[in-house]
Amino acid sequence: MTVSPDLGTPPLAGPDLLRSVFRQHAAGVAVITAHGSRPVGFTATSLTSVAAEPPLLSFGIGTGASSWPAVAEAAHIGVHILGEHQRELAATFARSGADRFGPATSWRTGPEGVPLLDGVLAWAVCRVVAKVPAGDHRIVLAQPVSGDPAGPGRPLLYHQGRFNALRD
C-alpha cells in the first residue's frame, strides 16, 4: 500500500476519489425539467457551457434517475439557474420520491411545453441535440432556443454536500 507523504493516509481511487475531489469543487445549482407523461425535474450541479457557436450546454443525468425516461424522450428541456433564496427548491428537486411539482413549487408551462420554474435567476428552454453515453450516466447536449437571464438575486452554490450562498 502506498502512503501519500503529504496526507499520511492511503490515496483514494475510483468512485471514492471522484466524490472526494468534487466535494471540494463549488458548483452552481440548476434544475433541469422536461415534460413526458407528466412534468419531471432534477437538481444538477453538472451544468456546463460547451460552446458559443452554436450555443450549446451540457449536463449529466443518471440512467437510473426517475427523470431519465422523460429526459431520454424529450425534444426540449428546461434549464433553471437557482438563486441563494431557493435552497429548499434545490433540495426538493434533489430528493428521491419528492413531489417536485406539488403545491410548494411555483411553475408554469413554457415554450415547447417545458415546465418552467418561477423566481429563478435565469432560465432557458433548450433543444436536445445529443445524449452521449458516459458510464451509468448520459451527457445531454442542448441548444438554448429561448429564455430569460434577468431574474433577481445571487446564485446558489453546492459545496461539501450542502447548498451555500456565494460570499464576496
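How many salt bridges does a search of the whole structure find? The search turns up four, where a salt bridge is a side-chain nitrogen of Lys or Arg within 4 Å of a carboxyl oxygen of Asp or Glu. Keep in mind that this is a predicted model, in which local features need pLDDT of at least 70 and side-chain atom pairs count only at pLDDT 80 or more, while totals for chains, interfaces and linings use all residues. Residues are numbered from 1 along each chain as its sequence is written, and side-chain values use heavy atoms, with hydrogens and water left out.

Let's start in helix H1 (14-23); helices here are DSSP runs of H or I with at least four residues, strands are runs of E with at least two, and both are numbered from the N terminus. Asp 16 and Arg 19 form a salt bridge at 3.7 Å, N to O. Because they sit three residues apart in H1, about one helical turn separates them. Asp 16 is partly exposed at 46% relative accessibility, and Arg 19 is partly exposed too, at 48%; buried means under 20% relative accessible area, exposed over 50%, and partly exposed in between (1.4 Å probe, protein chains only).

Another bridge joins Arg 154 to Glu 84, at 4.0 Å, N to O. Arg 154 belongs to the loop between E10 and E11, and Glu 84 to the loop between strand E6 (76-81) and H3, so this pair ties together parts 70 residues apart in sequence. Then there's Arg 95 with Glu 88, at 3.7 Å, N to O. Here Arg 95 is partly exposed at 41%, whereas Glu 88 is exposed at 54%.

Leu 12 is in the segment before H1 and is partly exposed at 45% relative accessibility.

Now for the largest pocket, which holds about 1100 Å³ of space. On a 1 Å grid over the protein atoms alone, a pocket is an open set of points where a 1.4 Å probe fits, with protein on both sides within 12 Å along at least five of seven lines; lining residues have an atom within 4 Å of a point. Of its 31 lining residues, Thr 43, Thr 45, Ser 46, His 137 and Tyr 158 are the closest to the centre. H1 gives the most to this lining, with five residues.

Methods
Points joined across faces, edges and corners; volume = space filled by probe spheres on them.
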